[in-house]
Amino acid sequence: MPALPDSPVDPAVVDLLGLVAYGELLAFDRMAADARLAPDLPRRAVLSEMAAREIDCYRRLADRLTELGTPPEVAMAPYVEALQGYHDSTEPKDWLEALTKAYLGDAVADDFFRTVADHLAEPDRRLVLEVLHDSHYDEFARREIRDAIAADPKVANRLSMWARRLVGEGISQAGRLAAERPALAGLIMGGPGDRAGVPELFERLTTAHTARMAEVGLNN
């Protein structure tokens with residue numbers, strides 16, 4: 001049985017760690033499956049390595065939740081439906097869609113978590129920041145998408161539409177979670193009861209997403 005923390009645990013912290021943990025668990029499942037879409041073994045290996053990192057990050061978050069006295073499955077349960085719904089509605093059909101989702105779709109979630117982590121105390125702030133996606137794999141995805149567009153410029157239009165769908169679905173689910181989890185919404189805005197800044201946050205997420213699209217040659 002885990003030792004209880006010395007002071008009362010903020011429910012918002014458990015909410016956020018549960019959300020990030022379930023996101024990492026789903027990312028592992030998705031990347032492991034998407035690796036089969038790779039056109040060759042080296043690319044398959046890279047995506048498999050990305051999946052392995054996700055499960056390592058999940059384990060760190062699960063261990064922290066246990067330290068705080070909350071079973072990981074309990075902390076993750078409120079997010080199963082929303083996050084599973086996002087992934088079910090954005091299942092890639094090929095390698096390039098899988099890479100675009102890993103690069104652009106996951107980056108929206110990372111931006112969201114970075115913003116919220118600013119309101120956490122240590123060590124939870126550091127933990128959330130450390131489990132965000134590795135820039136090494138981001139560069140791999142950027143290179144693959146750019147090379148595909150250079151080889152066939154028509155690919156840009158298809159992937160642009162896919163990227164817009166990813167961000168639309170992601171922000172829609174994030175808004176739903178903010179509405180359903182008051183403690184988490186309060187943490188997002190740095191204090192309870194202030195919902196006015198949520199649309200502003202989502203606007204910033206969309207702006208950052210648009211900039212990333214431009215980096216790889218996709219159209220807004």
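Visitor: How do the residues lining the largest pocket divide into nonpolar, polar and charged?
Guide: Seven are charged, four are nonpolar and two are polar. Nonpolar is Ala, Val, Leu, Ile, Met, Phe, Trp, Tyr, Cys and Pro; charged is Asp, Glu, Lys and Arg; the others, Gly among them, are polar. This is a predicted model: local features need pLDDT of at least 70 and side-chain atom pairs 80 or more, while totals for chains, interfaces and linings use all residues. Residues are numbered from 1 along each chain as its sequence is written, and side-chain values use heavy atoms, without hydrogens or water.

Visitor: What volume does the largest pocket have, and what is a pocket here?
Guide: The largest pocket holds about 240 Å³ of space. A pocket is an open set of points on a 1 Å grid, with protein on both sides within 12 Å along at least five of seven lines; a cavity is a set where a 1.4 Å probe fits but cannot get out. Lining residues have an atom within 4 Å of a point. Volume is the space filled by probe spheres set on the points.

Visitor: Which residues lie nearest the centre of the largest pocket?
Guide: Arg30, Ala33, Asp34, Glu91 and Pro92, out of 13 lining residues. Helices α1 and α4 (80-89) are the elements that give two or more residues to that lining. The largest share, five residues, comes from α1.

Visitor: What span should helix α1 have, and why?
Guide: Helix α1 covers residues 11-34, and its 24 residues at 1.5 Å each should span 34 Å. The end C-alpha atoms of α1 are 34 Å apart, so the two agree.

Visitor: How many residues of α1 are buried?
Guide: Of the 24 residues in α1, 17 are buried, so the helix is mostly covered (buried is under 20% relative accessible area with a 1.4 Å probe).

Visitor: What caps the N-terminal end of α1?
Guide: Asp10 does. One of its side-chain oxygens lies 2.9 Å from the backbone nitrogen of Ala12.

Visitor: New topic. How many helices and strands are there in the protein?
Guide: Ten helices and zero strands. Helices are DSSP runs of H or I with at least four residues, strands runs of E with at least two. The radius of gyration is 18 Å, close to the 17 Å of the globule rule for 220 residues, so the protein is as compact as a globular protein of that length. That radius uses C-alpha atoms; the rule is 2.2 Å times the number of residues to the power 0.38.

Visitor: What volume does the largest cavity have?
Guide: About 450 Å³. Among its 27 lining residues, Leu83, Tyr86, Gly105, Ala109 and Phe113 are closest to the centre. The elements giving two or more residues are α1, α4, α5 (95-117), α8 (155-180) and α9 (182-188). By class, 17 lining residues are nonpolar, six polar and four charged.

Visitor: Is Asp111 buried or exposed?
Guide: Asp111 is buried, at 12% relative accessible area. It sits in helix α5. Its side chain makes a 3.3 Å polar contact with the side chain of Arg114 (N or O atoms within 3.5 Å, one able to donate a hydrogen and the other to accept it).

Visitor: And Arg64, which residue's side chain does it contact?
Guide: Glu67, through a polar contact of 3.1 Å. Arg64 lies in helix α2 (residues 41-67) and counts as buried at 16% relative accessibility.

Methods
Expected span 1.5 Å × (residues − 1). Buried < 20%, exposed > 50% of the residue type's maximum accessible area, 1.4 Å probe, protein only.
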